[in-house]
Amino acid sequence: RESDHRAWTPVSYTVTRQNATIQGLIEGKAYFFRIAAENLIGMGPFTETTKEIVIRDPITVPDRPEDLEVKAVTKNSVTLTWNPPKYNGGSDITMYVLESRLIGKDKFHKVTKEKMLDRKYTVEGLKEGDTYEYRVSACNIVGQGKPSFCTKPITCKDELAPPTLDLDFRDKLIVRVGEAFSLTGRYSGKPAPKVTWLKDDIVLKEDDRIKIQTTPATLCLGVLKSVREDTGKYCVTVENSTGSRKGFCQVNVVDRPSPPIGPVIFDEVYKDHMVVSWKPPLDDGGSEITNYIIEKKDTHKDLWMPVTSATVKTTCKVPKLLEGREYQIRIYAENLYGISDPLISDEMKAKDRFRVPDAPEQPIIKDVTKDSAVVVWNKPYDGGKPITNYIVEKKETMATRWVRVTKDPIFPGTKFKVPDLLEGCEYEFRVSAENEIGVGDPSPPSKPIFARDPIAKPSPPVNPEAVDKTKNSVDLSWQPPRHDGNSKIIGYLIEYQKVGDEEWKKANLTADSCPETKYKVTGLTEGFTYKFRVKAVNAAGESDPAHVPDPVEVKDRLEPPELILDANMAREQHVKAGDTLRLSAVIKGVPFPKVIWKKEDHEVSPKADIEVTGVGSKLEIRNTVHEDGGMYSLTVENPAGSKTVSVKVVVLDKPGPPRNLKVSDVRSDSCYLTWMEPEDDGGSVITNYVVERKDVASAQWVAISSSSKKRSHMAKYLMEGTQYQFRVAAENQYGRGPYVETLKPIKAIDPLHPPGPPKNLHHVDVDKTEVSLAWNRPDRDGGAEITGYLVEYQEDGADEWTKFQTVPMLDCVVTGL
């Protein structure tokens, strides 16, 4: 019951244990409790609690404090912080107790003062180098709770911290000349870092304008009355034993530009305008030049007149001048921060300084041909402006009008090949020069020339050689001269000299007696050695002589035959049927060898054209057929020996007819055809076979297969009872060969087989010389109606059966036994 009530409230009637849990009580209220025992007879007396019990949670010591951390360490102190316990034991924390233990000792010692409720404490008066561990406990009215987990061992020594740097300025700073600027920031680090300022990697020092202020936590660089030279990359370095940090700022001290660089150059001067140019300022003031301001002044007046203020080029046209007046030009440079001091030019008079070019000197004419000539001249004075073109003119000597030789510009060369002259006409030429002012006067006319090819003596003949000799003659051969001197070669003069003599003798007296590039020198003496030389002759005269390289001994010579094969005499030559077969070779040998062509060791076909010349031989067969293929041989022989070469000729043609065409498995609607490949495939692989059929009553052949590569075919879809013929041809890449046909027509019917044996043969009656027989029809008739039954008999013990007769019915009487 509640202490202020008299009524008891039952809690439980069925408790059998010696304890019970009472629920549903109100916190803070006071209660009395009583208990009685009960058995079968009844309930005994109650026992009551002696004093009231107030309902509240039980109070215990607090839990252990949490998150004990070391915040700072020096050589003689340690600063620690912690958080309160998760549960205070049901009563407020009254104080914290911090304990320490020297590593190596067993006991913890209290280090905090009485009644400390702060959760941060600095332990001082420690010995440098000692190592401690710490723990902290919480206390409430019940007592001191469990200690926290110990810290890691802490050694007393000064703490190290790498530098930090916090800057108040950006990467770039723009300052007007004369203004002050400062770079500030904050820093930290243990031990205290050293602060260094640099500009463009050079250490800055204080002077009248540069001020450096550094406190334990802040840094500052100040520059008073900045100048352009203060522009640069500034760097602050904060450094201690643990590391360094850097901060950068690109400071640009800007100003108006310096004046443009002179002198002012007068590039062009005319009576009414000038073109001037200058160079940009040495110093653009730290900002790009936005424009130049150009002004002009007549020297007789004090007034400067604007020309333009909107140009960024370093050149300008100054217009609207009065001819003969002297002018000065003034130029300013401008950027975002102002206008420079001016650059003033010298005085310049407005008048034309340029004119058209002078006339060139008389041109010279070279390399005249029947339709062209080369005109050459020297460059004249250009009138102060570069020459941009030359004008070349021509006229016939008797004419009065000059004509330009080309509309295209002629520059920068001082020569030109004039085309399209008329052969035999006499011409003069002249040249004018042109610049941007205009065209100058023409040169004096050239000396007259006739348009015709020049004639000169020819160059010597090329590669003279002795190609043959006998006991009294030498055959010479050469090639025409490289240059005929622009005149037809009339012929050649041949001279010879006996070795040891000084005199050269003429082998022919006139050049026209040897118009060819060969000559036989006769009348020589056997056994002597001679030198030879050849000259070419045209209308202008004789060329220099060309000598045969080596002296030649005059005697009959023997050289064994030699064959130089053409490409068509390779080991195997393929030619398409109907085309022309050509076999040829160059032949050498002294005396010239006898030439023999053979095919398969026999005479070649009469249709072959064989040609033999002094240097080789050629065999030609037109409209080749397959039979023209085979092994061809060329034999050359003379007294010094013989030589033979062979070439296999394959005439590529349509294949021959297939062989051994057979028909089998004839049915009422199909039959099976087989054949063998042709003996002759035409020199090319058989690509396919063409199979055709024909009703004997029809004249038309019908293709039933045209792409089969096999040597067999099943002919389907036949009409039962119809007679057919079949034919097959082979094809290769050169066409279709002849057909081979079946020898006789094939009738489309199912095949006939012999009937089966009669069944149930037995005798019906027997006499002394005859037997009556009977039997049943066989199971199968073989595909046709049974026409009769053959009856045979055999005497017991004999080997042979004797035919009696064929009967149409299923019985028979055998007689004569």
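Is Asp200 buried, partly exposed or exposed? Asp200 has a relative accessibility of 39%, so this residue counts as partly exposed. The structure above is a predicted model, and the values that follow were computed from it.

Asp200, at 39%, is partly exposed.

The next pair is Glu393 and Arg430. These residues form a salt bridge in which the closest N and O atoms are 2.6 Å apart. Glu393 belongs to strand S32 and Arg430 to strand S35, so the pair ties together parts that are 37 residues apart in sequence. Strand S32 covers residues 389–396, while strand S35 covers residues 426–434. For Glu393 the relative accessible area is 13%. The two side chains are also joined by a polar contact of 2.6 Å. When residues up to four places away in sequence are not counted, Glu393 touches Trp402, Val403, Arg404, Val405, Glu428, Phe429, Arg430 and Ser432.

A further salt bridge joins Arg533 and Glu495, whose closest N and O atoms are 2.5 Å apart. This pair links distant parts of the chain: Arg533 is in strand S42 (residues 529–538) and Glu495 is in strand S39 (residues 491–498), 38 residues apart. Arg533 has a relative accessible area of 15%, which means that Arg533 is buried. Glu495 is buried as well, with a relative accessible area of 6%. The pair is part of a network, in which salt bridges that share partners join Glu495, Lys506, Arg533, Lys535 and Glu542.

Asn335 lies in strand S26, which covers residues 326–335, and is buried with a relative accessible area of 3%. What lies 2.8 Å from a polar atom of the Asn335 side chain? One such atom is the backbone oxygen of Asp284, and another is the backbone nitrogen of Tyr337. Leaving aside neighbours within four places in sequence, the residues in contact with Asn335 include Asp255, Arg256, Pro257, Gly285 and Ser287. Asn335 can also be set against Thr397: these two are 62 residues apart in sequence, and their C-alpha atoms are 68 Å apart in space.

Nonpolar residues come next. In soluble globular proteins, nonpolar side chains tend to be buried together. The largest nonpolar core in this model has 20 residues, and Leu583, Trp597, Leu619, Tyr632, Leu634 and Val649 touch the most other members. The elements that give two or more residues to this core are strands S48 (581–590), S49 (594–599), S52 (616–621), S53 (630–638) and S54 (641–652). Tyr632 shows what such a position looks like in detail. Not counting residues up to four places away in sequence, the residues that Tyr632 touches include Leu581, Leu583, Val604, Leu619, Ile621, Val645, Val647 and Val649, and also Lys598, Lys599 and Ser646.

There are nonpolar residues on the surface too. Ile59, Val61, Ile141 and Val142 form a nonpolar patch there, with about 330 Å² of accessible area together. Val142 is in the loop between strand S10 (131–139) and strand S11 (154–155). With a relative accessibility of 43%, Val142 counts as partly exposed.

Finally, some details of the backbone. The peptide bond from Gly262 to Pro263 is cis, with omega near 0°, and Pro263 is placed in strand S21 (residues 261–269). Phe411 and Pro412 are likewise joined by a cis peptide bond, with omega about 0°. Pro412, however, lies in a loop, between strand S33 (403–404) and strand S34 (415–418).

For Lys225, phi is about 45°. Lys225 lies in the loop between strand S18 (218–223) and strand S19 (232–240), and at 62% relative accessibility it counts as exposed. For Lys320, phi is near 55°. The place of Lys320 is in the loop between strand S25 (315–318) and S26, and its relative accessibility of 74% means that Lys320 counts as exposed.

How values were computed
Residues are numbered from 1 along each chain as its sequence is written. This is a predicted model: local features need pLDDT of at least 70, side-chain atom pairs count only at pLDDT 80 or more; totals for chains, interfaces and linings use all residues. Side-chain values use heavy atoms; hydrogens and water are left out. Patches are made of residues with over 30% relative accessible area and no salt bridge: like charges are joined within 9 Å, nonpolar side chains (Val, Leu, Ile, Met, Phe, Trp, Tyr) within 5 Å. Accessible areas come from the Shrake-Rupley method with a 1.4 Å probe; for residues, only the protein chains shown count as cover. A salt bridge is a side-chain nitrogen of Lys or Arg within 4 Å of a carboxyl oxygen of Asp or Glu. Helices (H or I, at least four residues) and strands (E, at least two) are DSSP runs, numbered from the N terminus. Buried means under 20% relative accessible area, exposed over 50%, partly exposed in between (1.4 Å probe, protein chains only). A polar contact is a pair of N or O atoms within 3.5 Å; within protein, one must be able to donate a hydrogen and the other to accept it, and residues adjacent in sequence count only if both atoms are side-chain atoms. Contact means heavy atoms within 4.5 Å. A nonpolar core is a set of buried Ala, Val, Leu, Ile, Met, Phe, Trp, Tyr and Cys residues joined through side-chain atoms within 4.5 Å.
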